[in-house]
Amino acid sequence: QVQLVESGGGWVQPGGSLRLSCVASGSIISIHAMGWYRQAPGKQRELVATITSGGSTNYADSVKGRFTISRDNAKNTVYLQMNSLKPEDTAVYYCNADRAITSKALRDYWGQGTQVTVSS
């Protein structure tokens, strides 16, 4: 079993910055990709950014140039640096572990989510 614990959410004014962290724990052998998704009220969950174990990244168009995803494979930790935040970035942000391999399974995992609120 793999547990994902997010931290770093909160309230920030437009134009501000936040840094999210997500630590994966458990009997992890490897994780193909880790990433961040978000869900705003009344909307579907959407991809924000992902990063593979090899360092390849993918970003939603809406966050390109403002958000940066990074990963520490040794610590099974993924970060999301969010700059120039806009009110439309307000959402619950979820950490995802894609194709996490343990001694018992290969599957995806989700964190519990962390709220990010951007408002003046």
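Student: What is the basis of the numbering and the values?

Tutor: This is a predicted model, in which local features need pLDDT of at least 70 and side-chain atom pairs count only at pLDDT 80 or more, while totals for chains, interfaces and linings use all residues. Residues are numbered from 1 along each chain as its sequence is written, and side-chain values use heavy atoms, with hydrogens and water left out.

Student: How many helices and strands does the chain have, and how is a strand defined?

Tutor: There are 0 helices and 11 strands. Both are DSSP runs numbered from the N terminus: a helix is H or I over at least four residues, a strand is E over at least two.

Student: Why is the chain called as compact as a globular protein of its length?

Tutor: The globule rule is 2.2 Å times the number of residues to the power 0.38, and the radius of gyration is taken over C-alpha atoms. For 120 residues the rule gives 14 Å, and the radius of gyration of the chain is 14 Å, close to that value, so the description holds. Along the principal axes, the C-alpha atoms fill a box of roughly 45 × 25 × 20 Å.

Student: What share of the contacts in the chain with a separation of 6 or more comes from residues 24 or more positions apart?

Tutor: Such residues account for 55% of those contacts, where contact means heavy atoms within 4.5 Å.

Student: Which other strands pair with β9, and over how many bridges?

Tutor: Strand β10, residues 106–110, pairs with β9 over 4 bridges, antiparallel. Alanine 97 stands opposite tyrosine 109 there, and a hairpin of 3 residues joins β9 to β10. Strand β11, residues 114–118, is joined to β9 by 3 bridges and also runs antiparallel; alanine 91 stands opposite valine 116.

Student: Why is the aromatic pair called edge-to-face?

Tutor: Rings of Phe, Tyr and Trp (its six-membered ring) pair if their centres lie within 6.5 Å; planes under 30 degrees apart count as stacked, over 60 as edge-to-face and the rest as tilted. The whole structure holds 1 aromatic pair. The centres of tyrosine 37 and tryptophan 110 are 5.1 Å apart and their planes are at 70°, so the pair is edge-to-face. Tyrosine 37 is in β4 and tryptophan 110 in β10, so the pair ties together parts 73 residues apart in sequence.

Student: Why does tryptophan 110 count as partly exposed?

Tutor: Its relative accessibility is 40%, which falls between the two cut-offs.

Student: What makes arginine 45 sit over the ring of tyrosine 94?

Tutor: The rule asks for NZ of Lys or CZ of Arg within 6 Å of the ring centre and within 35 degrees of the ring normal. Arginine 45 lies over the face of tyrosine 94 at 3.7 Å from the ring centre. Arginine 107 lies likewise over tyrosine 109, at 4.1 Å.

Student: How do you know that glutamate 46 and arginine 38 form a salt bridge?

Tutor: A salt bridge needs a side-chain nitrogen of Lys or Arg within 4 Å of a carboxyl oxygen of Asp or Glu. The distance here is 2.7 Å, N to O, so the pair qualifies. Arginine 38 is buried at 5%, whereas glutamate 46 is partly exposed at 37%. The count comes to 5 salt bridges.

Student: What ties arginine 66 to aspartate 89?

Tutor: A salt bridge at 2.7 Å, N to O. Salt bridges that share partners join Arg38, Glu46, Arg66 and Asp89 into one network. Both arginine 66 and aspartate 89 are buried.

Methods:
Two strands pair if DSSP finds at least two bridges between them. Buried means under 20% relative accessible area, exposed over 50%, partly exposed in between (1.4 Å probe, protein chains only).
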